[in-house]
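Let us walk through this model together, from one chain to the meeting of two. Keep the viewer open as you read.

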Amino acid sequence: MKYAAQRLVHAVFLLLGVSVLSFLFADLAPGDFFSELRLDPRVSADTVAGLRAQYGLDRPLPVRYAAWLGSVAQGNFGYSLAYRGPVGPLLRQRMRGTLLLTATATCVAWLLAVPLGIWNATQRGTWRDGFFKFVLGLLLSIPDLLLAIVFLVLAVQSGWFPAGGMQSLDLSSLSPVERLRDVVWHMALPVAVLVIGMLPILVRHVRASMVEAMNAPFALSARAHGIPRLRLLFRHLLPAALNPLISLFGFSLGTLLSASLLIEVIMGWPGLGPLFLDAIMARDFALVLGVVMMSTIFLVAGNLAADLLLYRMDPRIRVR
Amino acid sequence: MRRRHKLRSILIFLGVLHAAVLLAAFLAPYHFAEQHRDFPFAPPTRLHWIDPAGRLHLRPFVYRIRQDLTTASYKEDPSQFYPLEFFQQGRLFGVPQPGVIFLLGSDGYGRDVFSRVLYGGQVSLFTGLAAAFLSLSLGLVFGLTAGYYSGWPDQILMRSGELFLALPWLYLLLAVRAFLPLHIDTVQAFLLLAGIIGTVGWVRPARLIRGVVLSARERGFVLAARGFGASDGYLIRRHILPLTFSVAVTQATLLIPQYILAEVTLSFLGLGVGEPVPSWGNMLADARQYHTLVSHAWMLAPGLATVPILLGYLLAADTLLEETVN
């Protein structure tokens, strides 16, 4: 319990630090949301100054930061100038899209990676292992960007999958079951790209930690006792190999909000990715900060969850 | 010994790829901005050895291509052909004037995709290399300081490092880019990209190097040298720095491909190097309209060009890691 509290306090300080850093950085940056307006000859300098005063952009940095913190406490995360509304609801709405995508992809990737990695570890030293390693390496060196574009082209050419988006246009005319099928159908491609992107790394880690467990003396003695192969693998070796995998799992939980940014942009998925890019282009600082903070919170929380889980599962850590 | 051979062949492979990109001005038949307005989206030009009369030519030639304006498709015109010329005008190969040679097709402005992939690699690869160099230098300096002096410099550096690690990488990159002016000229963009990507990534190498330094500091020969009155500067330079090299090299093979991808991503999103200078990222952005891609698949070439490079670095990193493990 004390350990958990300690870690939690640490995480909160980390988030505070990140937000302060972002604010400082944004302050150093040239230009703001109204800079483009200044170029417009029809808009006088006074108007721009007035607008900036109206939205409080002319206040000193500490005051703005305090105001932002207050807004965070209310769940608003500041005011988006481009969308003319608080950032919070905007984030929540888009987060659902992103989470739907990444949670599915992460589940699928892990469900595939664990058996594949274990199988791979048992094949160590054979040509199958080498071949599989090569395939994974090849998959790892194909950028997600390229994969997403190719999939999109194939989707358009074959007509089997929709080219981007999350839902069909005539959604209201569909029954709930059809609606679900529609979303799944739209999800297939982005999820496939994400899974292919995650899989090689996960399989490698599973394989590496399984190999390590198999090399341990207890594995040899268990085998000498005549424990059946599958039971040995899943009951004895997997738990022993679990430690690094839990950390990795925490990390993949943490990246739930950030892993799919690029894929979302390319595939037109209504998640945080396109929102973030638009916010950057429009210099909507509150929105940029909101997205960054949200994904940072996820990352920190994921790591925290992994640490706590490790603490529960592995008595060796508790001794320290 | 086998590993050494493997590593050598990987390095040769990577070296050839980098040399090809570096020598773009010689290997590419056209300048990256040269437009052939009559040939938008021309498919890859076919090289021929046998002419319509059935005679074999030792010097390959290309036929004149004509665009059918109603269907926008291209046809070869066997009545006119142009043999390849070598070493003309400081280029490895080319064809005499009204003929054109697009080994990987042409883009919407009739620019040669093959030439642009080679030139584009210069931006993408060297942003990656420069950024990795910057990252590693920062990592070395900070890692050495933190590991060697420990105490408060260590605390400050590692705590602020955690801030960087807490942010998702791509978001951090984009956010940093967000706070800089959107439209800048090419050289600035190049330096800026390398600067941003490199600065953002200092933490991981710094942590690893700190670890190495922490253990190196207590090694017998370091303690002995200190006992003989060696200064801090001498100890770091002569005894500790060399110990960090293997970590630094392995890190470099991991960071460079990551940073090449970062450049490709940023330019793809329109936040990096802009037209008319090609980079693999902004070339792929052209290919993003899928109606272009469906009929002009060769526009994917810059994306495919990244694959062997990334694979090469990946294999190098793997081999190096194996070497340190065993």
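Among contacts in chain A between residues at least 6 apart in sequence, what percentage join residues at least 24 apart? The value is 73%, where two residues are in contact if their C-beta atoms, placed from the backbone, lie within 7 Å. Before going on, note that this is a predicted model, in which local features need pLDDT of at least 70, side-chain atom pairs count only at pLDDT 80 or more, and totals for chains, interfaces and linings use all residues. Residues are numbered from 1 along each chain as its sequence is written, while chains are lettered from A and ligands numbered from 1 in the order in which they are written.

Chain A has 14 helices and two strands; helices (H or I, at least four residues) and strands (E, at least two) are DSSP runs, numbered from the N terminus. Of its 320 residues, 33% count as buried, meaning that 20 or more other C-beta atoms lie within 10 Å of the residue's own, against 12 or fewer for exposed and a count in between for partly exposed.

Now turn to chain B and its open sheet. Three strands follow the order E1-E2-E3 with antiparallel pairing, and two strands pair if DSSP finds at least two bridges between them. Strand E1 (48-50) and strand E3 (73-83) of chain B are the edges, each pairing on one side only. Neighbouring strands of the sheet are turned by 50° against each other on average, direction ignored. Eight bridges join strand E2 (residues 56-68) of chain B to E3(B) in the antiparallel sense. To find your way into this pairing, look at B:Val62, whose bridge partner in E3(B) is B:Tyr82.

Next come two helices of chain B. The axes of helix H3 (residues 113-149) and helix H7 (residues 203-217) come within 7 Å and cross at roughly 40°; axes are lines fitted to C-alpha atoms, for helices over the stretch in contact, and angles run from 0 to 180 degrees between N-to-C directions. H3(B) and H7(B) are therefore oblique to each other, since angles under 35 degrees count as roughly parallel, over 145 as roughly antiparallel, 65 to 115 as roughly perpendicular and the rest as oblique. Among the residues making the contact are B:Leu136 and B:Phe142 of H3(B), and B:Ile209 and B:Val213 of H7(B). By class, the contact has twelve nonpolar, four polar and two charged residues; Ala, Val, Leu, Ile, Met, Phe, Trp, Tyr, Cys and Pro count as nonpolar, Asp, Glu, Lys and Arg as charged, and the others, Gly among them, as polar.

Is B:Arg177 buried or exposed? This residue of helix H5 (residues 169-178) of chain B is buried, with 20 other C-beta atoms within 10 Å. Leaving aside neighbours within four places in sequence, B:Arg177 is in contact with B:Ile196, B:Leu266 and B:Leu271.

Finally, see how the chains meet. On this interface, 32 residues of chain B are in contact with 38 residues of chain A. Helix H12 (301-325) of chain B is one of the elements that give two or more residues to the chain B side, and H12(B) gives the most, with seven. That side has 27 nonpolar, three polar and two charged residues.

One helix pair spans the chains: the axes of helix H1 (residues 2-28) of chain A and H4(B) come within 9 Å and cross at roughly 80°. H1(A) and H4(B) are therefore roughly perpendicular to each other. Here A:Leu14, A:Gly17, A:Val18 and A:Leu21 meet B:Glu162, B:Leu163 and B:Ala166.
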